[in-house]
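Please read this briefing beside the model, keeping the sequence and the coordinates in view. The points are grouped by topic.

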Amino acid sequence: MCLARIEFAGEEEQGPDVFGDVARIERTAGGLRIIDLFGNTAELDAEILSVDFMESVVTVEKRATAPASKERH
């Protein structure tokens with residue numbers, strides 16, 4: 001069985017942040033929920049950039065944090 005793996009955009013060396021055996025990806029208010037073949041879940045503050053069905057790779061990019069709002073008096 002060939003399940004997907006998740007890689008982060010712009011990272012030449014894919015380190016321990018790479019997720020393998022991904023069976024499901026859900027979009028949440030906080031980003032993405034990743035569920036692997038064994039039912040383990042992880043939450044990522046990221047957006048999907050591309051899905052390569054031939055290579056079984058989902059490329060994601062960490063979301064930019066919104067700047068703190070400044071109140072005017």
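What follows describes the fold, the salt bridges, and some residues in their surroundings.

This is a predicted model, in which local features need pLDDT of at least 70 and side-chain atom pairs count only at pLDDT 80 or more, whereas totals for chains, interfaces and linings use all residues. Residues are numbered from 1 along each chain as its sequence is written, and side-chain values use heavy atoms, with hydrogens and water left out. The protein chain has six strands and zero helices, where helices (H or I, at least four residues) and strands (E, at least two) are DSSP runs numbered from the N terminus.

**Fold and sheet**

- Read from the N terminus, the elements of the protein chain follow the order β-β-β-β-β-β.
- The six strands form an open sheet of mixed pairing, in the order E4-E3-E2-E1-E6-E5, two strands being paired if DSSP finds at least two bridges between them.
- Strand E4 (41-44) and E5 are the edge strands of this sheet, each pairing on one side only.
- Neighbouring strands of the sheet are turned by 35° against each other on average, direction ignored; the axes are lines fitted to C-alpha atoms, and angles run from 0 to 180 degrees between N-to-C directions.
- Strand E1 (residues 4-8) and E6 run parallel and are joined by four bridges, and glutamate 7 has threonine 59 of E6 as its bridge partner.

**Burial and surface of the chain**

- Of the 73 residues of the protein chain, 23% count as buried, where buried means under 20% relative accessible area, exposed means over 50%, and partly exposed lies in between (1.4 Å probe, protein chains only).
- The accessible surface of the protein chain comes to about 5,800 Å², of which 49% belongs to carbon and sulfur atoms; accessible areas come from the Shrake-Rupley method with a 1.4 Å probe.
- Among contacts between residues at least 6 apart in sequence, 30% join residues at least 24 apart, a contact meaning heavy atoms within 4.5 Å.

**Salt bridges**

- Side chains of opposite charge can pair when their charged atoms come close.
- A search of the whole structure finds five salt bridges, each defined as a side-chain nitrogen of Lys or Arg within 4 Å of a carboxyl oxygen of Asp or Glu.
- Arginine 5, which is partly exposed at 34% relative accessibility, forms a salt bridge with glutamate 7, with the closest N and O atoms 2.9 Å apart.
- Arginine 33 forms a salt bridge with glutamate 26, again with a listed N to O separation of 2.9 Å for the closest atoms; arginine 33 is partly exposed at 28% relative accessible area, and glutamate 26 is partly exposed at 21%.
- In the salt bridge between aspartate 45 and arginine 63, the closest N and O atoms are 2.7 Å apart. Aspartate 45 lies in the loop between E4 and E5 and arginine 63 in the segment after E6, so this pair ties together parts that are 18 residues apart in sequence.
- Aspartate 45 is partly exposed, with a relative accessible area of 41%, and arginine 63 is partly exposed, with 28%.

- Threonine 59 lies in strand E6 and counts as buried because its relative accessibility is 19%.
- Leaving aside residues up to four places away in sequence, threonine 59 touches Glu7, Ala9, Glu47, Ile48, Leu49 and Ser50.
- Isoleucine 25, in strand E2 (residues 19-28), counts as partly exposed at 28% relative accessibility.
- With residues up to four places away in sequence not counted, isoleucine 25 touches Ile6, Leu32, Arg33, Ile34, Ile48 and Val58.
- Isoleucine 25 and threonine 41 are 16 residues apart in sequence, and their C-alpha atoms are 9.6 Å apart in space.

- Valine 51 lies in strand E5 (residues 46-52) and, at 43% relative accessibility, counts as partly exposed.
- Valine 51 touches Val57 and Val58, not counting residues up to four places away in sequence.
- From C-alpha to C-alpha, valine 51 and alanine 4 are 9.3 Å apart in space, while 47 residues apart in sequence.
- Phenylalanine 53, placed in the loop between E5 and strand E6 (57-62), is exposed, with a relative accessible area of 72%.
- Ile48, Val51 and Phe53 make a nonpolar surface patch of about 330 Å²; patches are made of residues with over 30% relative accessible area and no salt bridge, like charges being joined within 9 Å and nonpolar side chains (Val, Leu, Ile, Met, Phe, Trp, Tyr) within 5 Å.
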